[in-house]
Amino acid sequence: MTSNSSSAETLAEALAAGTVVLDGGMSNQLESAGHDLSDELWSARLLAERPEAITEAHLAYFEAGADVAITSSYQATFEGFAKRGIDRERAAELLTASVELAREAARQAREKGVTRPLWVAASVGPYGAMLADGSEYRGRYGLSVDELELFHRPRLEVLAAARPDVLALETVPDADEAEALLRAVRGLHTPVWLSYSIDGRHTRAGQPLEDAFALAADADEVIAVGVNCCAPEDVDAAIEIAARVTGKPVVVYPNSGEAWDAEARAWNGDSSFTPGQVRAWRESGARLIGGCCRVGPEAITSIAGTLTAA
């Protein structure tokens with residue numbers, strides 16, 4: 001199930017052997033290339049309108065040193081596409097395309113001389129991402145675990161059928177939603193990582209990280225647990241908790257440190273993310289390391305260089 005042609009090593013095997021570099025923010029790279037993402041579908045809109053732009057963004061991160069590309073499917077849902085008049089058949093095609101475009105970027109990277117193993121992670125954003133109102137930073141949608149499972153399962157089935165190397169259950173703000181996602185991936189025969197969006201030592205919904213990470217401890221599908229789309233200063237404690245509670249490799253990819261204003265749909269403040277922090281993260285147990293919002297290819301190059309030199 002690996003996306004690279006130069007090695008049969010799975011991502012789980014790579015994590016057991018050492019550290020793997022994730023990419024940075026998809027939206028960051030697309031906006032830098034001049035694409036307008038001020039839309040409820042965010043980068044997922046370009047799956048239909050400018051798919052080549054998504055491949056170019058993935059390629060930029062592979063060339064920058066990323067080993068894993070996270071697909072543009074974070075905000076791609078049947079419900080979100082339906083609001084734009086896209087039927088379920090076409091929506092499924094676009095979800096599948098998100099994986100294929102990342103694979104194409106890996107192929108192009110190899111043509112340009114990249115010889116290291118490359119993997120594709122199919123992004124699965126939280127229910128709140130579909131709402132496009134900032135609620136993925138709060139959780140607590142008023143839905144039951146069963147209802148959330150029913151929402152996530154159809155999209156997960158399509159993405160798994162596209163054969164990514166891993167499903168990235170990411171930016172999860174609520175342990176209830178994590179429980180629903182972990183139920184929904186059973187039987188899909190695809191490894192996953194589970195990554196929470198956090199505030200200090202709690203999920204965005206307020207649950208202690210010890211309890212949130214414990215949900216994944218005995219889930220065979222989960223090859224890594226951790227945090228993303230959070231402040232860099234929140235990462236250290238989260239790594240310690242995730243490693244202690246689950247015994248699994250830890251995934252971390254924080255934001256630049258700037259703050260997202262959901263009403264204005266804009267970033268405010270200054271960056272506090274420094275690639276040099278990755279040494280301490282790795283020493284604490286992080287094995288899958290990259291960046292999220294506002295972290296671009298230059299930062300990924302620095303992260304990759306830091307990990308190689310350390």
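Glutamine 108 touches Thr55 and Leu59, leaving aside residues up to four places away in sequence. In this predicted model, glutamine 108 and leucine 59 are 49 residues apart in sequence, but their C-alpha atoms are 7.2 Å apart in space. Glutamine 108 sits in helix α6, and with a relative accessibility of 23% it counts as partly exposed.

Helix α6 covers residues 88–111. How far apart are the C-alpha atoms at the ends of α6? They are 35 Å apart, which agrees with the 34 Å that its 24 residues should span at 1.5 Å a residue. At the start of the helix, a side-chain oxygen of aspartate 87 comes within 3.3 Å of the backbone nitrogen of glutamate 89. After α6 comes glycine 113, which has a positive phi, near 105°.

Now look at which residues of α6 are hidden. The buried ones include Ala91, Leu94, Leu95, Val99, Leu101 and Ala109. What covers the buried residues of α6? The cover includes the helices α3 (45–49), α4 (51–64), α5 (78–83) and α8 (145–161), together with the strands β2 (68–70) and β3 (119–124).

A polar atom of the serine 98 side chain lies 2.6 Å from the backbone oxygen of leucine 95. Setting aside neighbours within four places in sequence, serine 98 is in contact with Leu47, Thr71, Ser72, Ser73 and Leu159.

The largest nonpolar core has 77 residues. Which element gives the most to this core? Helix α6 does, with nine residues. The residues with the most contacts inside the core are Leu156, Leu167, Leu169, Leu194, Tyr196 and Val252. Take valine 252 as an example: beyond residues up to four places away in sequence, it touches Val227, Val235, Ile239, Trp281, Ala286, Leu288, Ile289 and Gly290. There is also a second, separate core of 20 residues, with Val20, Ala168, Trp193 and Cys292 among its members.

Some of these names lead us on to the aromatic rings. A pair of aromatic rings is described by the distance of the centres and the angle of the planes. The model has four aromatic pairs. One of them joins tryptophan 193 and tyrosine 253 in an edge-to-face arrangement, with 6.0 Å from centre to centre and 80° between the planes. Why does this pair tie together parts that are 60 residues apart in sequence? It does so because tryptophan 193 lies in strand β5 (residues 192–196), while tyrosine 253 lies in strand β9 (residues 250–253). Both tryptophan 193 and tyrosine 253 are buried.

Another edge-to-face pair is made by tyrosine 196 and phenylalanine 213, with centres 5.6 Å apart and 75° between the planes. This pair also links distant parts of the chain: tyrosine 196 is in strand β5 and phenylalanine 213 is in helix α10 (residues 209–214), 17 residues away. Tyrosine 196 is buried, with a relative accessible area of 0%, and phenylalanine 213 counts as buried at 1%.

Elsewhere, Tyr127, Tyr141 and Phe151 form one aromatic cluster.

Most residues other than glycine have a negative phi. Arginine 140, however, has a positive phi of about 55° although it is not a glycine. You will find arginine 140 in the loop between α7 (127–131) and α8. Histidine 189 has a positive phi too, near 60°, and its place is the loop between α9 (175–184) and β5. Are these two residues buried or exposed? Arginine 140 is partly exposed, with a relative accessible area of 48%, whereas histidine 189 is exposed, at 69%.

Conventions
Residues numbered from 1 in each chain as written. Predicted model: local features only at pLDDT ≥ 70, side-chain atom pairs only at ≥ 80, totals over all residues. Heavy atoms only, no water. Phe/Tyr/Trp six-rings, centres within 6.5 Å; stacked < 30°, edge-to-face > 60°. Helix = DSSP H or I, 4+ residues; strand = E, 2+ residues; numbered from the N terminus. Buried < 20%, exposed > 50% of the residue type's maximum accessible area, 1.4 Å probe, protein only. Core = buried A, V, L, I, M, F, W, Y, C linked by side-chain atoms within 4.5 Å. Contact = heavy atoms within 4.5 Å. Expected span 1.5 Å × (residues − 1). Polar contact = N/O pair within 3.5 Å; in protein donor to acceptor, adjacent residues only side chain to side chain.
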